[in-house]
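Hi,

Here is the structure I promised to pass on. Have a look at it first, and then read on for what turned up in it.

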Amino acid sequence: MKNTMDLNLYRFLDLLLEQKSQVKVCHTLNISRATFNRHLADCRDIFSNELFIATKGIYEPTLFMTQILSIVKEPLDQLEQAQQLSQSFTGDNVNFDFVFYAPSALSTLLTVPLLQGLSSPEHHPKISMVDWSLEGVEHPKSGTLSVGISGYPNDVSERIVERKVGSLALYLYVSECHSLASNATIELTDLEHIDTVRVSMGTLDDNSYYARLKKQTGIALTQKLTVASVFSALQCVKVSPYAFVCFHIDDGMLPCGVRRHPILLNGHKMSYDVGIQYHRACYQHPVVKEIEKMIADAIESL
């Protein structure tokens, strides 16, 4: 076996393992069939192994090939991610799409600040706000910068960096006819037997963060109604005896007749720590630093 190898050949092997087709690999890499055959021959020579067995146009890996790629797959992914993010952040020259994985409530607060911070009159990058998913952050799609935004801290793998960016005070939203509407502040214990409406948090619903939170407070809210958005939750509060726990929502967004009250835990204001997650290949990249500052500033302004 030779001691050196063109890293592009590892990418070629990884793609062939995934697609199992000469036609597909040639199309993806924009190479000819002759180049495909030359790459495969070079790899077989380097490793002194057949690597793939072709049957009716389907390339199946040998055990040796599977073992080799199990070793190089993760560093190869990190290398490709680092390459696509290698250019410095200069505003209009960002050459990738942004995908933010955040639960609905945080999306409501942060979409506008992120849109304003990442856009300019001359440049409008593609920005997507989707349900929170560590899987999406850990395995970002090619050409995208993926950032998770959620409660902090979480259990993350070595491939993900997580940082705290701020804390948000928690409030209770109730109809002016609700039994708690006259209270200046609300102790969390006051909510123990109150029916609450909640906004679906996607994959965060089963996350260990919320299990820890319940254990710390010793109080489990009675959540009988689940909706898809903050707007829907507020509308439900307006017309029913449900209560809604959320962050600060501007008065202009509150329906008429809905009141906001700070929530206390043992006499102290309750808060929700917010963190961001991103692939380790993006660590200290200027655009990630800029995004972190945008989110921190938006949280601090509330």
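Which residues does E138 touch, not counting residues up to four places away in sequence? The model is a predicted one, and in it E138 touches S157, R159, I160 and H279. E138 sits in helix α6, residues 134–138. The residue is buried, because its relative accessible area is 17% and the cut-off for buried is under 20%. With S157 there is also a polar contact, side chain to side chain, of 3.0 Å. If you look for R280, you will find its C-alpha atom 8.7 Å from that of E138, although 142 residues separate the two along the chain.

Now for the overall picture. The protein chain has nine helices and 14 strands. It is 302 residues long, and 44% of them count as buried. Taking contacts between residues at least 6 apart in sequence, 74% join residues that are at least 24 apart.

The nonpolar residues come next. The largest nonpolar core holds 57 residues, and the members that touch the most others are L145, I149, Y173, F244, F247, I291 and I295. Helix α9 (residues 286–300) gives this core its largest share, seven residues. Another core lies apart from it, with 23 residues that include L9, Y10, L13 and C43.

F47 belongs to helix α3 (residues 33–47) and F64 to helix α4 (residues 63–84), so the pair ties together parts that lie 17 residues apart in sequence. F47 is buried, at 6% relative accessible area, whereas F64 is partly exposed, at 26%. A further pair, F98 with F100, is stacked, with 6.3 Å from centre to centre and 5 degrees between the planes. Both F98 and F100 are buried. Ring pairs also link Y10 with F47 and F64 into a cluster, and Y10 is among the members of the 23-residue core.

Helix α3 has another partner as well. How do α2 and α3 pack, at what angle and with what distance between their axes? Helix α2 (residues 22–29) meets α3 at about 105 degrees, and the axes are 10 Å apart. The two are therefore roughly perpendicular to each other, as angles of 65 to 115 degrees count as such. On the α2 side the contact is made by Q22, V23, V25 and C26, and on the α3 side by R33, F36 and N37.

Two more residues deserve a look for their surroundings. T196, in strand β9 (residues 195–199), is buried, with a relative accessible area of 2%. Leaving out residues up to four places away in sequence, T196 touches L221, T222, Q223, K224, L225, Y242 and A243. D251 is in the loop between β11 (243–246) and β12 (258–265). At 55% relative accessibility D251 counts as exposed, because the cut-off for exposed is over 50%. Its side chain makes a polar contact of 2.8 Å with the side chain of R260.

Last, some points about the backbone. Where is the cis peptide bond? The bond from Y152 to P153 is cis, with omega near 0 degrees, and P153 is in the loop between β5 (144–151) and β6 (160–169). S48 has a positive phi, near 50 degrees, and is not a glycine. S48 lies in the loop between α3 and β1 (52–55) and is exposed, with a relative accessible area of 60%. K56, also a residue other than glycine, has a positive phi near 55 degrees. You will find K56 in the loop between β1 and β2 (58–61), where the residue counts as exposed at 86% relative accessibility.

Happy browsing, and write back with any questions.

Best wishes

Terms used
Residues numbered from 1 in each chain as written. Predicted model: local features only at pLDDT ≥ 70, side-chain atom pairs only at ≥ 80, totals over all residues. Heavy atoms only, no water. Core = buried A, V, L, I, M, F, W, Y, C linked by side-chain atoms within 4.5 Å. Buried < 20%, exposed > 50% of the residue type's maximum accessible area, 1.4 Å probe, protein only. Helix = DSSP H or I, 4+ residues; strand = E, 2+ residues; numbered from the N terminus. Phe/Tyr/Trp six-rings, centres within 6.5 Å; stacked < 30°, edge-to-face > 60°. Polar contact = N/O pair within 3.5 Å; in protein donor to acceptor, adjacent residues only side chain to side chain. Axes fitted to C-alpha atoms, helices over the stretch in contact; angles between N-to-C directions. Parallel < 35°, antiparallel > 145°, perpendicular 65-115°, else oblique. Contact = heavy atoms within 4.5 Å.
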